[in-house]
Amino acid sequence: MPELPEVEVVRRGLERWVAGRTVADVEVLHPRAVRRHLAGGDDFAARLKGHRIGVAQRRGKYLWLPLADTDASVLGHLGMSGQLLVQPQDTPDEKHLRIRVRFQDEAGTELRFVDQRTFGGLSLHDNTPDGLPDVIAHIARDPLDPDFDDEAFFAALRLRRTTVKRALLDQSLISGVGNIYADEALWRARLHYDRPTATLNRPKAAELLGHARDVMNEALAVGGTSFDSLYVNVNGESGYFERSLDAYGREGEPCRRCGTPMRRRAWMNRSSYFCPKCQRAPRSAS
């Protein structure tokens, strides 16, 4: 699934190519693409028509387009394979095109939501006073947010009876860090994924948070991480950060720090990649 850097790359593209444009027409081509909009596809299309799109926003892995003249926003769920593409109007339809948004201008481009696996979709929601779609009001700020509270994060870590990777993926504590970048930050911090958070002192927690920021900023600089053709930016281009990964996906390869073969362990229906020498397991972890 796309993580914070990938979603931010898409957000920047939407800010450049879609912000300020007025919706002329919306086509919903597959009902699953608007299943989170409970009133259905016709209502979704009718409520967008004639409204101006504001500057795309993001919190963690959540992306939304405010309707500048209303108190509502279009929330984008990219899911496993969702893509928001800005395409010339005469470009042939993608095989898995689900929603098309046309605009009232002469720019000659349209916004398309393409989703092979139909796990993602678009939906319209009322905004909170802070400008967030109400369904994501509980999501914490992400570490690249200038208003992220480092001290509150450190305090919460010490109080949580959990392990460090679970904490990094807890969207109510810190948003935007997914499985890939959690493994990368933990490798850089030399922390095992099952290390209890209560054992982290403030300097070590600050180091981990710094590495999470660094790895996501580095991924942003090269367009995110693309393991296949499913994650692309709004122009259909892939990111290249997978070439720089130090932990994720490197089972059996030598650790870039000490040369020990990297390991993979099943973890919460996912995988965790780590160096058994640099990231020693706590005694209770296998």
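Figure 1. Asp183 touches Lys165, Ala247, Tyr248, Ser271, Ser272 and Tyr273, leaving aside residues up to four places away in sequence. Contact here means heavy atoms within 4.5 Å. The model is predicted: local features need pLDDT of at least 70, side-chain atom pairs count only at pLDDT 80 or more, and totals for chains, interfaces and linings use all residues. Residues are numbered from 1 along each chain as its sequence is written, and side-chain values use heavy atoms, with hydrogens and water left out. Asp183 is found in H5. Helices (H or I, at least four residues) and strands (E, at least two) are DSSP runs, numbered from the N terminus. With a relative accessible area of 1%, Asp183 is buried. Buried means under 20% relative accessible area, exposed over 50%, and partly exposed in between (1.4 Å probe, protein chains only).

**Figure 2. Helix H5 and its cover.** H5 spans residues 179-189, and eleven of its eleven residues are buried, so the helix is largely enclosed by the rest of the structure. Among these buried residues are Ile180, Tyr181, Leu186 and Trp187. Just after H5, Arg190 takes a positive phi of about 60°.

Figure 3. Asp170 lies in the loop between H4 and H5. At 23% relative accessibility, this residue counts as partly exposed. Asp170 and Ala182 are twelve residues apart along the chain, and their C-alpha atoms are separated by 11 Å.

**Figure 4. Helix H3 and its buried side.** H3 covers residues 150-159, and its buried residues are Phe153, Phe154, Ala156 and Leu157. These residues cover an arc of only 165° around the axis, which puts them on the same side of H3. The arc is that of the directions from the helix axis to the C-beta atoms. H4 and H6 are among the elements that cover the buried residues of H3. At the start of H3, a side-chain oxygen of Asp149 reaches to within 3.2 Å of the backbone nitrogen of Glu151.

**Figure 5. The open sheet S1-S6-S7-S5.** Four strands make up this open sheet, with antiparallel pairing. Two strands pair if DSSP finds at least two bridges between them. Strand S1 (23-28) and strand S5 (82-88) are the edge strands, each pairing on one side only. From one strand to the next, the twist averages 20°. Axes are lines fitted to C-alpha atoms, for helices over the stretch in contact, and angles run from 0 to 180 degrees between N-to-C directions. S5 pairs with strand S7 (residues 109-115) in the antiparallel sense, over seven bridges. Pro88 stands opposite Thr109 in S7.

Figure 6. Strand S4 (residues 72-77) and S8 run antiparallel, joined by six bridges. Leu75 stands opposite Ser123 in S8. Five of the six residues of S8 are buried, so the strand is largely enclosed by the rest of the structure.

**Figure 7. Cysteines around Cys258.** A search of the whole structure finds zero disulfides. A disulfide is a pair of cysteine sulfur atoms within 2.5 Å. The closest cysteine sulfur to that of Cys275 is in Cys258, at 3.6 Å, too far for a bond. For Cys278, the closest cysteine sulfur is also in Cys258, at 3.6 Å, again too far for a bond. Cys275 counts as buried at 0% relative accessibility. Cys278 counts as buried at 12%.

Note on methods:
Polar contact = N/O pair within 3.5 Å; in protein donor to acceptor, adjacent residues only side chain to side chain.
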